[in-house]
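Here is a friendly briefing to read alongside the model. It takes up the open spaces and one of the helices in turn.

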Amino acid sequence: MSNVHQFTSKDLILEKACQWISAIDRGLSEIEKEQFKLWMMQSTAHQDAVYELAQLWDELAVLNELSSLFPHRSVKQPQKKRWAFSSAIAASLFAALMVCSYLLINLENGYNEELAKINYTKIYTTKVGEQATYVLPDGTIVQLNTNSLLEVAYSKGRRQLLLSKGEGRFNVAKDASRPFSVMAGDKSFTALGTVFNVQRNNSSDLELVVTEGKVMITDPSVAVSANDFKDYQLADNNAKKVRKINANIVISGEKAIIEQSITKPITQLSVDDVQRDLAWQNGMLIFNGEHLSDALNEVSRYTSTRFELSSDELANIKVAGVFKAGDVEGLLESLQTNFAIEHERLGEHMVSLTQQTKS
C-alpha cells in the first residue's frame, strides 16, 4: 500500500490557514492584509479554519489582529469539531503547529512548497457586467473583468492558465521553480513573479499591459522552463536566444498589441495611458479621444445593451470622459449634453443614436 498521502480540499485549506496564521504572528504587510481578506472572503470554510487554528496557536497577538481585521466576528467562540483533519496533517495539536511553523519558512519565498506538489485545477467565470477577484493556492491574485472565462491548472513543475475569453489582471506570486503562463488565443504570456493584464478580444487579437516585472510572449507550443525564463529576462544579453524562439519581452510600463496573431512593436505607456487601459480594475472606463463607435463597443462589454449609430460621421466623433462601467444611462446623458446626440430605445437591449442637425 502506498504511503503517499492524498490531500483533500480540507487539507489544502488547513495548510493555507496555517500559512496565514504564521504570517499574522510575524506581522502582515498592507498588501498581505488585502490578500488575506480576499482569501477569507472566498469561503466560510477558510474562515472556520483560520479561527480554529488561531485558538490552537495560543498567541494573543494573532487573536487581536483577527479582531482588528474582522471586528464583526468573535474569535472567542470558534466552531468546534468542524474540521475532520487527516491523520497525516494533524494527528495531534503538536503536528498541526509544526505544519504552521514549517509553512512560515516557505512564506519568505511567497509560496507554499507543499502546495507546489499538488495538482490544482479550477474554472473561474464572470458574467456580463460582473467583476471578481480570486486568490489562487500559491497566493497569486487574479481579477477577472466582465464576461470572462479562466481555466487554472497547477502541477508540480508549472502553473498554466487558459483565458478562453475576456480579460484578467494577474498579480503573480513568486515561485522560481514553476513558471506562470497565461494562454490566450494563439499566444502565451509567461512570468515568474510580476503584475500584468491580458485582454482577449478574439483568438488572434490580444492586448498585454505589464505594470510590474517582465512578461515573455511566445507561441503556446513553446515550453519555457524556469531556467529558460531567467535567461530570457536578460533580453539585451540574450537577443539571439529570444529571436530564436520568436519571443518578445515586455517590461513594466509597456504594452503589447497582437493583431491577426502578429505582435506589433512594443510601446511605452505614460501614467495616463496605464490608468486608462486598467481603469476597469476600479469599475471605471476612461476615454481620451476614441471614436464614438469604439467607445460604445467598449461600453457594450459591460452590459447587454447594443448601440446603433445613424451615420459614419456620428461614429467618428471623438469622445473623452470617465464613466462607470455599465452605466448606460449616464453615458447617454453625457452624449446628449456634450454632443446633442439623442437616443431612442428600439427594444430592451438596443439603443439608436442620432445627432441633432444644426439649424
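Which strands and helices each supply at least two residues of the lining of the largest pocket? In this predicted model, they are strands E8 (195–200), E9 (206–212) and E15 (284–291), together with helices H10 (271–277) and H11 (292–300). E15 gives the largest share of that lining, with five residues.

**The largest pocket**
- The space in the largest pocket comes to about 460 Å³.
- Its lining is made up of 24 residues, and those nearest the pocket's centre are Gln 199, Glu 207, Asp 277, Glu 290 and Glu 298.
- Sorted by class, the lining of the largest pocket holds 11 nonpolar, nine charged and four polar residues.

**Cavities**
- The model has two cavities of 30 Å³ or more.
- The second largest cavity has a volume of about 30 Å³.
- Leu 285, Val 299, Phe 323, Lys 324, Asp 327 and Leu 331 line the second largest cavity.
- Four residues of that lining are nonpolar and two are charged, with no polar residue.

**Helix H4**
- In helix H4 (residues 60–69), the buried residues are Val 62, Leu 63, Leu 66 and Leu 69.
- These four lie on the same side of H4, because they cover an arc of only 130° around the axis.
- Leu 60 and Ser 68 are exposed, and they sit on the face of H4 turned away from its buried side.

How values were computed
Residues are numbered from 1 along each chain as its sequence is written. This is a predicted model: local features need pLDDT of at least 70, side-chain atom pairs count only at pLDDT 80 or more; totals for chains, interfaces and linings use all residues. Side-chain values use heavy atoms; hydrogens and water are left out. Buried means under 20% relative accessible area, exposed over 50%, partly exposed in between (1.4 Å probe, protein chains only). The arc is that of the directions from the helix axis to the C-beta atoms. On a 1 Å grid over the protein atoms alone, a cavity is a set of points where a 1.4 Å probe fits but cannot get out, and a pocket is an open set with protein on both sides within 12 Å along at least five of seven lines; lining residues have an atom within 4 Å of a point. Grid points are joined across faces, edges and corners, and a volume is the space filled by probe spheres set on the points. Ala, Val, Leu, Ile, Met, Phe, Trp, Tyr, Cys and Pro count as nonpolar, Asp, Glu, Lys and Arg as charged, and the others, Gly among them, as polar.
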